[in-house]
Each structure stands twice: as C-alpha cells, then as structure tokens.
Amino acid sequence: MKKLLLLLFSMAGPAVAQILFHDQTALYHYNAPSYQVTTLADYDRDGDLDFFQANVFGPAFLFLNNREQGLANVIEGSGLDPHAPTATGCWADFNNDGWTDLFVSGYTARNRMYQNKGNVEFAEIAGSLPPEPEDKLTYTAALADYDRDGFVDIFIVNFTEGNKDQLLHNNGDMTFTDVAAQTGFSAFGNGKSRCAAWCDYDQDGDADLFVGGQRHSALFVNQGDGVFQPIELFIYDTRAAVWADHDQDGDFDLTVCSSGSNNPMILVNDGQGNLASGVPLPGFAGFSPSYTPLWEDWDNDADLDLTLFGNSETGTGLRLLQNLGHDQYRDVAASAGFNTDHNGFSINAADLNNDGHVDLLLHDYQQVKSFIYVNQSAANHWIQLLLTGKQSNYSAIGSIVHLFFAGRHQVFQMEVNGPTSNSPILEFGLGSLTSLDSLAIYWPSGRIQRRYHIAADQRLQITESDTVSGLDVAIERIVAPLPLVSSGEIIPAVVLKNYGSATAQDLWAHCLIDSSGITIYNGLLNIGQMASMDTLLVQFDPWTPTIRSAYHAHFAIYLVGDLRPANNAWSATVRSVLDHDVGILSINAPRNGAIASYPVNPEIEIENAGLYAAGPFNAICEITNEGHTVVYHNTYMTPTMAAGSKRLITFAPWTPSDLGPFTFRFEITNSPDQFPADNKAIVTAALATEIAEKDNMQPDRFLLASNYPNPFNSATTLSVSVPAAGRLTLRLFNSAGRPVWTWHSQRVEKGEQRIFWNGENQHSEPAASGLYLYRIEFEDEKGMEQSVTGKMLMVR
C-alpha cells in the first residue's frame, strides 16, 4: 500500500548490501494455482498479514496467515463466493467500523462488495455497487478518498470500448454512486484502460489519478472541487504504472511499463505540477517490455530498488535492479536467489513474518502458480508504521509521512493501486542508523501529527489525533483562474485553511499573474485573523485575459511563524482560449520539401485548443502538380477530440507520377471554429534524388527482418537485425496498399530489435484477416539508408 519518496541531503551511506531471498513457498503451505492479483490486509486483526488472491479462470483464495503453521485457504464458509471469476481485490475499511472490508472486481462477472463481520466472516452487501457496463472487462481497481470526506472511494478500470471506467463515490453507508461523468473522467479518451494509480503528485492535499490503457494515458489532476482536469501523456499500450521518487528529489515521479522497447519509462516530476516526457531508467535504455514495476527498499538501506516482472508475450522474466546510489542500478535477481524465468504481471511486497524485512509474493503466468520469497538480506535497521485514521478514513489511505534522520528527509504515502498494492503497514529502511529524529504525518483530513526521537527496529501504531499544534495556514486549492479560460472577466480566488491549533494573526494573500515574464496583474489582500481549522475563500479584484494567450498565476500567503511554508504558495499555468478552436500544428509528411518515389502517406498533427470538445469533422488533403491539376484528394473523418488533445491524421497513400514539384494543401473543416487562420497548411515538395556519393555507398552489413508466428491469429512479433545504431521505421500496409499501422523509433542500437504488433490498425481497431505487407526502413548515423520488405498473413 505504499511507495517511498526519498529526499536525501548530505550523508555518506554504508557499502551496498547484498540482497538475498529464499523460496519458502512450500514452508508456508502456499498452494495457489493462479497467476492473478493478490491484495494484502490483516483482516482478522491478529497482527499477521493475510491476503485475498483473485482467479479469472478458477476459484479464488482467501489465505489466513497462521505464521508458524503457514497459510490456510479459508474461503469456503467465509461468505466470499469462491467460484465467481475475479480479476483483483482491494482491501479497505469502507464504512470506518474498524474491520477491513473487501472489494472484488469480477472481470466479466459482476463486481462485489463484502463487509467484514469479524471472525473471518464476510457478507456481500446487496445493492452496494451501481450498475456496470454490459460489455465491461474489469482489469483492476484503485482506492482513494478523492474528495476528503473521510470515506474511501473506488476507481474501476474497464478494458472496454467507449471510455467506461467508473469512479465510485462512497456514500458512507456501504453504497456507492458512479460519478465518472460529473467528475470529468468519461469525457476523455476512447477506453481500453488497463491500470490506474492514485497519488497526490503535486502534494496539494488532493489525490490525483494516472490512468493508462491501450490507446490513451492521462493524468487526471484533482481540482479540489469534485472535478478532475485531464492531461494527456501520449503513452500508449500501458501495462502498469507506479508512483515513487526514484531520483530522490522529494517529488512523486511516475514509472510506466508498456509494450514499447524502452522500459521502464520514468516521467520525472519537476515539483511544479508538471511531468516531463518519459525517459528510460539510467543504464537500462532499450530494456525488454515488462508488465509490472515495483519500487521497494529490499535491503533496508533507505534507497529504493526496482523490481520488474515480465511480459508473458516476450519472456522478459524477473528483474531486480538494486539501487547503488547516484542514479546507478544493477540487476541482481539471479544472485539474490530468484528464478529469473518467472513470468507474469502480479507481484506484491510485504513483511509476512514480521522480521523487518520486506518479502515478495510472485504469481507465475506460465506455471499458473504462486510463490513466496522470504527476504534474508543483510541486517540493516528499519521502521514500520501502522496508521489508523479517525477524522480521515480508518485505513489512512492517502496519508503522507515525512521522516527526518541524520540529515535525510524521506516522504512516502499510503495507497492501494491494483496489481502493485503492497502491505497496509508502511515499511522503510534506515541503513546503519538506530533511530529517527522525528516524523510528521499529514493525514487526508489536513491534520498534522508529529513524533520525536523514535528508536529503530519497531512497528509503531499511530492513530490520528484530534489536535494539531502551532501555526499552519495553507492554500487548499486555486478556484480561479482555471487552466483553460475563455474571454471575459475573471475573479482570481483561492481557498485557504488554517490547520494549526492557533489563530493566525496579520495574514496576507497575494496574487500575481504574468505572461512571458511580464507582470500583467498584481493583487494584495490583508486577511487579518483566521481561527484554527477555519476554511476561507479569498477573492481578488477582477482580471480580464487577452484571448489566445498563456499566463502563469502565482498565489501566496504570508504568515510569520508558519510551520509549513511549503503550502503557502501555489502556481498554475493558464491559457485563455476560444470556445471552439481546432488547428493544424505541423505537417509531418512530406518533410523537408522532398518525397520518395514509393507511396507517400501525407500526415499532419492537429490540436483542439478550444475550451470544449470538437468534432466529428473532416480533415482534407489535396495535391496539385505544377500545372495546378489536382492529382490527389483524400478526406479523413476525424472523431470527437477532447479539449486540449492532439491527434495525428494520416491520409491514404499516394505515388508521384513525375519529379514534380507538387503542392500539398491540408485543411480541417470544423464549422463552429472561431479561429480559422490555422485551419489550413500548405507545403511544396519534389521527388528527391540521391547524390552520387550516396549512390556509391555500400553498407557494411545488411538489414534483415522476419516475423513469427506467420501465419498468425491476432498478434505477431517482427524481429529486425539492425547493422548499426540509427533510426528504424516500420510501415504496415494491407494488400490494397493502404497504410494500416506505423511504428517509429527515434534511435535504436545495433543488434536485434523486436517489434510487437497486436493486430490493430492505427485507429486501435482490429485489423481484418488477409495478406499484409511490411516495409522496414533504416538510416544509420552516417546517413546510409536501407530498407527491407516482407509479407505476413493474418487468419482470425
């Protein structure tokens, strides 16, 4: 249930410890012929972690941890349905009665909510959950108290056409309401979600959500008013994602595994609410695709290590990347005692034997078997926390804990996010240190609780306190301006809350808005006093933005003696936009005024820069020759685009009949568009000719390619032998010569490259049975070009 954040200052660490695990599956009597997701909780409150294990293709399991006697499957007679197909389970005290309840997703079967009655007895709550999509395939679920009302809510991930994920708001009486539409989830993307991960990534007190899928991935930023603002991240075919501070700068970064060739991808948080484009983990560029990433401090040295569990389609296996410090990692899975041929997508971390070391549960896809690896690494010191909410939800999900020791500052949070949900007990290592200087718990309710001088090697049980101490006024959220605004007067506003026990005196609020570094607006208000635990809406004088401009809005409060000044400032990017504004961003093909003699697919990138969704509408490409005769005309029907989204438009192929030049005219016809100036784009291109020197160049080695299986039913893998480092492109055509799918790589290394095609076209629709032609183009770093073509047959 946790991911660590590490904010390290100067301290020389100990030598890198050896990580060592032993397979003790038999010793624990762990017999679970399933490779599905496991979720952990002490559901009988005896101090030992128990777990529920889902199973899509057979009976589920409810294991009771008897420690010395091992595990016992007690699902029969427990009240859980052992025969219903299940994809995942999520533990939380949904009604705050002190007993951990269980939500079970049913894949194709219905989802279920079970209330824990105590004594290993559960009762399904009839009518608890709202209706589900009829064609749903529920992959997983993730939990958070997104509105901070003290009850845990559920986000359900459905691998279904038409954007049918569900956000279930907890009504507080063990019933739930689907609020996906009114909170902003149902208006984004086109479905086929695979994973979700909650995290207060901007540390503003509200839980945000990453949703990854086959077609779209987005970060939904919680605005604090019951609405989420989507930010598309342009990551495709996402398998799993986790939040952790891999670079130890105090921000939650996002680690994503997909079917691409560079895994894992890290989206680095800049601390200002922005995630940079994904970069490979240092030293592991081009790493094989994996299903599941998991950050955990296996050797208790206060540095997060990364475990990757393999993609069953590519045979990646198990990898354990030990953190050596200074952004260096090494794979120690084999030397640590793991069978690296394990293959699957579900792993969990938890201290099963209460010895202070985090153990590993692993579920093998190919063997259809689960394993327990007990951690027997070198003895470093550790601390564990078991948190109980009072004003917050009882399970303390969403709590953030800050640790201070020997010049270090570590931060982590409680979370329940599907296949990587770990222990409800927070675990972290201290290396050779024997005590913590202090810790501070930031509860979802907004309360802050501190402890000082804490001895290592113990499990602390901490209950949320009713009281806070000192001065602590924070900016809760920005009410206005929103990230996208239209024309007209705006009243800048923020919500403040005094989390401190004392009344704030002589409190000031400031709003500054700039554009390109030039101050446009400057407002200062004297608030005066603010009583303990009060909430206040602060409104500034009106401001009118200029249309189609970008601004930065900066809010700050000034209070002498504030204990948490980090919450005294908040900045946001603001764009003033028209209601309807779709434009052409760039022409991607043809490039550089040159075209080849083989078929060309004209391509543009467009953006919906308006405030509202746009479409459907037409995109048109027309090509004329030097005599102004139309030689090509193609219309592409563009589906609905969400506000702020971008899309590539690839037109049907065209083959030039002479050297040209040719004029390419692109146009989008969106009738309500209020800014038509960017609806057209023109480029002139002629047939490229090679210079003699390039004609005479010969490659040292040739490009080779093949695919397997061939023929194939729904998916195939193309293996390409690349002679040197360079750029590789795969284009797939049907038998009529129309483009079906394109794979681009900025750069590949010398050696074998594998490209997986899932049998879908560029619009993520299943391709039809038949003969397909592939063309692989390669250009090395010296400019030498090669290409190879081949055929493959799909038989569905």
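**Notebook: strands, loops and a surface patch**

I began with Asp457, which is found in the loop between strand E36 (448-455) and strand E37 (458-463). Strands here are DSSP runs of at least two residues, labelled E and numbered from the N terminus. I note that this is a predicted model, where local features need pLDDT of at least 70, side-chain atom pairs count only at pLDDT 80 or more, and totals for chains, interfaces and linings use all residues. Residues are numbered from 1 along each chain as its sequence is written, and side-chain values use heavy atoms, with hydrogens and water left out.

**Positive phi in loops**

I looked up the backbone of Asp457 and found a positive phi of about 60°, although Asp457 is not a glycine. Most residues other than glycine have a negative phi, and most peptide bonds are trans. Asp457 is partly exposed, because its relative accessible area is 34% and the class covers values between buried (under 20%) and exposed (over 50%), with a 1.4 Å probe and protein chains only.

I then checked Val368, in the loop between E28 and strand E29 (369-375). Val368 is not a glycine either, yet has a positive phi of about 50°. Its relative accessibility is 38%, so Val368 counts as partly exposed.

**His363**

Is His363 buried or exposed? I found His363 buried, with a relative accessible area of 0%. His363 lies in strand E28 (residues 359-364). Its side chain makes a polar contact of 3.4 Å with the side chain of Gln53. Another polar contact, also listed at 3.4 Å, joins the side chains of His363 and Asn348. A polar contact is a pair of N or O atoms within 3.5 Å; within protein, one must be able to donate a hydrogen and the other to accept it, and residues adjacent in sequence count only if both atoms are side-chain atoms.

**Cis peptide bonds**

I looked up two prolines. The bond joining Ala589 and Pro590 is cis, with omega about 5°, and Pro590 lies in the loop between strand E46 (582-589) and strand E47 (594-595). The bond from Gly660 to Pro661 is cis with omega near 10°; Pro661 sits in the loop between strand E51 (646-650) and strand E52 (662-669).

**An open sheet**

I traced an open sheet of five strands in the order E14-E13-E12-E11-E33, with antiparallel pairing. Its edge strands, each pairing on one side only, are E14 (176-178) and E33 (416-417). Two strands pair if DSSP finds at least two bridges between them. Strand E13 (residues 166-170) is joined to E14 by three bridges, and His169 has Thr177 in E14 as its bridge partner.

**E41 and its neighbours**

Which strands pair with E41? E41 runs antiparallel to strand E42 (residues 518-530), joined by 10 bridges, and pairs in the antiparallel sense with strand E44 (residues 549-558) over seven bridges. His510 has a bridge partner in each: Leu524 in E42 and Ala556 in E44. The hairpin of E41 and E42 has two residues between the strands, and Ser516 there takes a positive phi near 55°.

I also found Trp508 in E41 (residues 504-515), partly exposed at a relative accessible area of 31%. Trp508, Leu524 and Tyr558 form a nonpolar patch on the surface, with about 300 Å² of accessible area together.

Note on methods:
Helices (H or I, at least four residues) and strands (E, at least two) are DSSP runs, numbered from the N terminus. Patches are made of residues with over 30% relative accessible area and no salt bridge: like charges are joined within 9 Å, nonpolar side chains (Val, Leu, Ile, Met, Phe, Trp, Tyr) within 5 Å. Accessible areas come from the Shrake-Rupley method with a 1.4 Å probe; for residues, only the protein chains shown count as cover. A salt bridge is a side-chain nitrogen of Lys or Arg within 4 Å of a carboxyl oxygen of Asp or Glu.
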